[in-house]
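I opened this entry to write down what I looked up, one place at a time. The structure comes first, then my notes.

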Amino acid sequence: MAETGLEPTEAFHYNRKNELKAFDETKSRVKGLVDSDLTGVDDDPNLRHEIVKKVGEACERWGFFQVINHGIPLTTLDEMIDGIRRFHEQDKEAKKEFYSRDNSRKVIYNSNFDLYVAEAANWRDSLRCVMAPCQPLPQELPAVCRDIMIEYSNRVMKLGQTLLELLSEALGLNRSYLEDIGCGEGLLMVGHYYPPCPEPDLTLGTGSHTDSGFFTVLLQDQIGGLQVLQQNQWLDVKSIHGALVVNLGDMMQASLPYL
């Protein structure tokens, strides 16, 4: 069960009461507001214009959006989740070689990367891998999820290029702007695992936070639990099989007023 807090971008002023009333009357939670279907985004200029507009509005109002029909096969998404589960459910001896708190390593397995500085620990274990700009050698990755990690990261990098183009256009910039200044060079893959907790009322899988990078592409399982903070209210992000959640990180949100 993962619960993640993401700070939205507030780039304009609007009537809060009216917005909350309109949101409540949709009866569709957050999902109904910010889905973006990327089918045909490179083929139909009119459709692309509509998608750019939709992405821009979602980023300004919420700081995140969900994408469907993004080009990554459902089988790949499911296998990515299964691969992370396989790794974490191995015997501890099989995972031991990857356990470290040395952030200079490309592949790290541990519990709570900020264990010694955070006010409270989260109930989760994580596999963290730097997949770009310099991908680890295959033998450096865990064997039980090696192939899917490579496939998934390659596909996410391609999707990331499309997202950077859409974000650039939503900001009124040239399509290639964010890619040209190096925003799409890196990729950190993090696979969280939330084992059953004997006292779930006393902890969270992931506490409230913002993401420190440029943007995050998040793959949820079907358990759900992801939430976003909007106008001091925690709202559920419904898990949609095959969808990916895109969250603007601190670097992107900080740059918005200056672009």
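**Lys106 and its surroundings**

I began with Lys106, which touches Arg128, Cys129, Val130, Cys134, Gln135 and Pro136, residues up to four places away in sequence not being counted. Contact here means heavy atoms within 4.5 Å. The model is a predicted one, in which local features need pLDDT of at least 70 and side-chain atom pairs count only at pLDDT 80 or more, while totals for chains, interfaces and linings use all residues. Residues are numbered from 1 along each chain as its sequence is written, and side-chain values use heavy atoms, with hydrogens and water left out.

I placed Lys106 in the loop between α5 (92–95) and β3 (107–110). Helices (H or I, at least four residues) and strands (E, at least two) are DSSP runs, numbered from the N terminus. The side chain of Lys106 reaches the backbone oxygen of Cys134 at 2.9 Å. The cut-offs are under 20% relative accessible area for buried, over 50% for exposed and in between for partly exposed, with a 1.4 Å probe and protein chains only. I also checked Leu188, which is 82 residues from Lys106 in sequence and 9.2 Å from Lys106 in space, C-alpha to C-alpha.

**The whole protein**

I then noted the totals. The protein has 8 helices and 9 strands. Of its 259 residues, 40% are buried. Among contacts with a separation of 6 or more, 71% are between residues 24 or more positions apart.

**Ser126**

I found Ser126 in strand β4 (residues 125–132). Ser126 counts as buried because its relative accessibility is 3%.

**Ser239**

I looked up another serine, Ser239, in the loop between β8 and β9 (244–248). With 16% relative accessibility, Ser239 counts as buried. The side chain of Ser239 reaches the backbone oxygen of Asp221 at 2.6 Å. Ser239 and Asp221 are 18 residues apart in sequence, and their C-alpha atoms are 7.1 Å apart. With neighbours within four places set aside, Ser239 is in contact with Gln220, Asp221, Gln222 and Gly224.

**Helices that meet α6**

The contact is made by Thr76, Leu77, Glu79, Met80 and Gly83 of α4 and by Ile148, Met149, Glu151, Tyr152 and Arg155 of α6. By class, this contact has 5 nonpolar, 2 polar and 3 charged residues. Ala, Val, Leu, Ile, Met, Phe, Trp, Tyr, Cys and Pro count as nonpolar, Asp, Glu, Lys and Arg as charged, and the others, Gly among them, as polar.

For the pair of α3 (residues 45–61) and α6, the axes come within 9 Å and cross at roughly 80°. That makes α3 roughly perpendicular to α6. Axes are lines fitted to C-alpha atoms, for helices over the stretch in contact, and angles run from 0 to 180 degrees between N-to-C directions. Angles under 35 degrees count as roughly parallel, over 145 as roughly antiparallel, 65 to 115 as roughly perpendicular and the rest as oblique. Arg48, Ile51, Val52, Val55, Gly56 and Cys59 in α3 meet Glu165, Leu166, Leu167, Glu169 and Ala170 in α6. This contact has 7 nonpolar, 1 polar and 3 charged residues.

**Backbone details**

I ended with the backbone. The peptide bond from Ala132 to Pro133 is cis, with omega near 10°, and Pro133 lies in the loop between β4 and α6. Asn69, a residue other than glycine, has a positive phi near 50° and lies in the loop between β2 (64–68) and α4.

How values were computed:
A polar contact is a pair of N or O atoms within 3.5 Å; within protein, one must be able to donate a hydrogen and the other to accept it, and residues adjacent in sequence count only if both atoms are side-chain atoms.
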